[in-house]
Amino acid sequence: MNRLNHVAIIMDGNGRWGLKKKKSRNFGHLKGIKSVKTVIKSSLINKIPYLTLYTFSTENWRRPKKEIKFLFKLIDHYFTKEINNLVKNNIKINIIGNIKILPKKIRLRLSESMRRTSKCKKILINLAINY
């Protein structure tokens, strides 16, 4: 059997999960970050070299502005908090999708994350954003 080389995950349903738990959609998105951390750790353990996370599609722009702002805040917070761990664990970040129309702060954070992890080689994480 061939070794698993690439896992792709469409991060969908977190908001609905939050509502189902009688919490907010944002609560669901926040819990989704914990799932991402679990998937990354599992990818490291299982030596899966490629991971693609579909995080924010062009259709997501139709969501309420408050929810969109929260999602971008989560992305910003994650990369601010975790960038050193990503580098330490030799994880490279690659952004796929059109980031040109994202808020400037997010564009800068994503660009900085790609730059800081550019020489990492253990895992490549493709972050599909505005795809």
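Helix axes here are lines fitted to C-alpha atoms over the stretch in contact, and angles between them run from 0 to 180 degrees between N-to-C directions. With that in hand, let's walk through this predicted model, starting with a pair of helices.

Helix H2 (residues 25–45) packs against helix H3 (residues 65–88) at an angle of about 30°, and their axes are 10 Å apart. Because angles under 35 degrees count as roughly parallel, H2 is roughly parallel to H3. The crossing of H2 past H3 is right-handed. On the H2 side, the contact involves Arg25, Asn26, His29, Leu30, Ile33, Lys37 and Ile40, while H3 contributes Glu67, Phe70, Leu71, Leu74, Tyr78, Lys81 and Glu82. Sorted by class, this contact between H2 and H3 holds 7 nonpolar, 2 polar and 5 charged residues.

Now for the aromatic rings, which form 6 pairs. One of them is the stacked pair of Trp17 and Phe27, at 5.9 Å centre to centre with 10° between the planes. Trp17 sits in helix H1 (residues 14–20) and Phe27 in helix H2, 10 residues apart. Trp17 is partly exposed, with a relative accessible area of 37%, and Phe27 is also partly exposed, at 25%.

Tyr54 and Tyr131 make an edge-to-face pair, because their ring centres are 5.2 Å apart and their planes meet at 70°. Tyr54 belongs to strand E2 (residues 50–56) and Tyr131 to the segment after strand E4 (123–129), so this pair ties together parts that are 77 residues apart in sequence. Tyr54 is partly exposed at 28% relative accessible area, and Tyr131 is partly exposed at 37%.

Finally, look for Phe56, Trp61 and Phe72, which form one aromatic cluster.

Note on methods:
Residues numbered from 1 in each chain as written. Predicted model: local features only at pLDDT ≥ 70, side-chain atom pairs only at ≥ 80, totals over all residues. Heavy atoms only, no water. Helix = DSSP H or I, 4+ residues; strand = E, 2+ residues; numbered from the N terminus. Parallel < 35°, antiparallel > 145°, perpendicular 65-115°, else oblique. Left-handed = near helix turned anticlockwise from the far one by under 90°. Contact = heavy atoms within 4.5 Å. Nonpolar A, V, L, I, M, F, W, Y, C, P; charged D, E, K, R; others polar. Phe/Tyr/Trp six-rings, centres within 6.5 Å; stacked < 30°, edge-to-face > 60°. Buried < 20%, exposed > 50% of the residue type's maximum accessible area, 1.4 Å probe, protein only.
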